[in-house]
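Please keep the sequence and the structure in view while reading.

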Amino acid sequence: MLVGKKGWAAIKIMVFLLSLTPFALLVNDAINDRLGANPIEALHFGFGDWALRFLCIGLALTPIKTITGQSWPVRFRRMMGLFAFFYASLHLLVFIVLDLSLSWEAFKDEVPKSPYILMGLLTFLLLIPLAVTSTKKMQKRLGRNWLNLHRLVYVAGITALVHYFWLVKKDYTEPLIYAAVIGVLLGIRIVVYCRRKVDFLSFDLFYVKRR
Amino acid sequence: MLIKIKTNILNSEITDRAVFESRREFIKAATVLSAGVMLPRPGHAETGKYHDVPVGPYSAKLPVTDREDVASYTNYYEFSTNKQDSTVLARALKTRPWSVEVAGEVEKPGVYNLEDILKNNPVQERIYRFRCVEAWSMVVPWIGFPLGDMLKRFKPTSKAKFVEFTTLHNPEIMIGQRSGVLDWPYVEGLRMDEAMHPLTMMATGMYGDELPNQNGAPLRLIVPWKYGFKSIKAVVKIRFMETMPETAWHKSAPGEYGFYANVNPEVAHPRWSQSRERVLGSSIFTPKRDTEKFNGYGGEVASLYSGMDLKKYF
């Protein structure tokens with residue numbers, strides 16, 4: 001694919017705007033009272049769904065690169081990760097500001113009684129250092145550690161799933177779909193890692209020249 | 001229409017007939033006045049089948065939830081686990097003709113035509129609070145009759161200690177029943193004294209008109225001091241039993257949903273608090289309401305459970 005520097009900038013702006021549309025649509029529905037009988041729940045779940053979707057998209061880019069050999073998907077990794085963080089922040093904000101009405105008393109009562117809320121908060125805490133260190137500057141400063149730190153996103157993907165499974169009353173269809181997606185995306189990484197390990201071992205033990 | 005409920009208004013105060021009538025006059029006048037300036041929204045149908053039924057006892061003086069909200073946000077897993085989808089899918093259900101099988105410890109078992117049941121049980125309107133186990137609530141003007149009046153006519157025997165209710169099982173139409181999300185058909189139950197309590201009613205309508213399918217047409221239970229899942233929809237069978245019936249949600253998760261399921265802010269669901277409830281129809285900036293024990297009907301029903309550990313018998 002031959003796209004110039006300007007071309008990539010334009011594509012990035014388009015992807016950025018596209019990623020903002022769920023936010024715009026939800027806010028528009030909220031303003032126009034089109035979120036149904038329980039608008040807080042609709043906003044809360046809407047933002048949560050999109051946080052998980054962007055997390056899945058972000059996790060999919062490296063495997064796409066591995067499989068297709070194309071490097072362009074990786075250009076969008078930071079943006080997708082930050083959008084996951086953006087929607088997760090809105091998800092949390094709706095919970096604190098609208099659902100709990102900023103009441104510390106409600107927070108103290110409701111959060112400890114809900115393992116799924118605790119798991120959601122943990123997921124958000126895991127995402128914070130990733131968002132903070134997402135800049136190129138931080139990437140350079142942290143060097144090798146940056147990669148290790150950003151592996152936390154795998155943990156966040158799993159805790160987000162647990163959060164979803166624990167909150168569902170009975171019908172696990174949707175969390176199972178996300179679990180399948182994240183399972184495949186993490187599975188590919190495990191396969192890649194194991195292959196490398198095998199290659200490395202064979203190199204050491206049998207002095208086979210690696211390609 | 002957004003209804004703000006800020007304070008805990010005393011429930012179960014009996015609405016005076018005159019007060020109620022004057023309220024109607026007010027609504028009529030207000031409707032006429034506002035007709036020119038705003039689009040009519042479906043509310044308390046003045047032309048509905050039950051628009052002129054009398055107000056029964058125990059009807060609370062509370063601002064009712066918008067009918068649209070009540071009719072578009074329903075847990076009806078027989079159709080879908082999605083509250084909006086079930087509204088649409090339930091349209092496929094044919095609610096006439098309808099009959100109810102009466103069985104078990106009873107002198108007059110048999111299959112009763114719904115029309116005959118309704119002939120013997122004149123309906124009335126009662127405004128009740130409705131509290132879901134998922135921590136949301138609404139206020140609904142139900143149309144129906146006391147369950148006890150109906151049950152007495154079947155002459156339960158002295159062995160009848162519990163009543164079991166069963167929802168229609170028809171996976172061709174109730175497409176949610178094709179999945180194993182619950183063990184179909186849906187079954188609920190009450191202890192005999194709970195069933196005979198004057199607050200407990202069988203509803204056939206709401207907002208002055210017939211029940212919409214998604215709200216449990218043509219016949220559903222309403223037990224206002226219990227979580228909504230006790231108030232079983234589309235009832236086709238009533239069985240009097242000597243032993244406690246196994247109920248649908250209890251069977252699916254015995255640690256989370258008990259047989260009694262009395263509204264109780266002091267007993268949390270294992271996965272979430274029950275201290276507060278989101279009142280449907282209120283603005284997004286309205287804080288949740290503090291949940292009341294027995295949903296505010298403690299004055300009437302607390303004595304049914306005296307001496308019982310409500311943490312154990314949740």
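In chain A, the axes of helix α2 (residues 39–68) and helix α3 (residues 77–99) come within 8 Å of each other and cross at roughly 160°. Axes here are lines fitted to C-alpha atoms, for helices over the stretch in contact, and angles run from 0 to 180 degrees between N-to-C directions. The crossing angle makes α2(A) roughly antiparallel to α3(A). Angles over 145 degrees count as roughly antiparallel, those under 35 as roughly parallel, those from 65 to 115 as roughly perpendicular, and the rest as oblique. By class, the contact of α2(A) with α3(A) has 18 nonpolar, 5 polar and 2 charged residues. Ala, Val, Leu, Ile, Met, Phe, Trp, Tyr, Cys and Pro count as nonpolar, Asp, Glu, Lys and Arg as charged, and the others, Gly among them, as polar.

The model is predicted: local features need pLDDT of at least 70 and side-chain atom pairs count only at pLDDT 80 or more, while totals for chains, interfaces and linings use all residues. Residues are numbered from 1 along each chain as its sequence is written, and chains are lettered from A and ligands numbered from 1 in the order in which they are written.

Chain A as a whole has 9 helices and 0 strands. Helices (H or I, at least four residues) and strands (E, at least two) are DSSP runs, numbered from the N terminus. Taken along the principal axes, the C-alpha atoms of chain A fill a box of roughly 65 × 45 × 35 Å.

The table gives the spans of two helices, from first C-alpha to last. The expected span is 1.5 Å times one less than the number of residues.

| Helix | Residues in helix | Span | Expected span |
|---|---|---|---|
| α2(A) | 30 residues | 42 Å | 44 Å |
| α3(A) | 23 residues | 32 Å | 33 Å |

Helix α2(A) bends by about 30° at L61(A), and the proline P63(A) follows within four residues. The bend at a residue is the angle between axes fitted to the seven residues ending there and the seven starting there. Just after α2(A), G69(A) takes a positive phi of about 80°. Helix α3(A) is followed by S101(A), with a positive phi near 50°.

Helix α2(A) also meets helix α8 (residues 152–167) of chain A: their axes come within 11 Å and cross at roughly 145°. L52(A), L55(A) and L59(A) in α2(A) meet V153(A), G157(A) and A160(A) in α8(A). Two residues are in contact if their C-beta atoms, placed from the backbone, lie within 7 Å. By class, this contact has 5 nonpolar, 1 polar and no charged residues. An α-helix has 3.6 residues a turn, so residues three or four places apart point the same way.

Helix α8(A) packs against α5(A) too, at an angle of about 160° and with the axes 8 Å apart. The two helices are therefore roughly antiparallel to each other. The crossing of α5(A) and α8(A) is left-handed. By class, the contact of α5(A) with α8(A) has 16 nonpolar, 4 polar and no charged residues.

How many residues of chain A are in contact with chain B? There are 19, and they are in contact with 21 residues of chain B. The elements that give two or more residues to this side of chain A are α2, α4 (104–110) and α5 (115–132). The largest share, 3 residues, comes from α4(A). The residues of chain A on this side divide into 8 nonpolar, 5 polar and 6 charged.

Some backbone features lie in chain B. A cis peptide bond joins R96(B) and P97(B), with omega about -5°. P97(B) is in the loop between α3 (85–89) and β1 (99–104) of chain B. Another cis peptide bond joins W184(B) and P185(B), with omega about -5°. P185(B) is in the loop between β5 (162–167) and β6 (187–191) of chain B. K155(B) has a positive phi of about 55° although it is not a glycine. K155(B) lies in the loop between α5 (147–153) and β5 of chain B.

Note on methods. Left-handed = near helix turned anticlockwise from the far one by under 90°.
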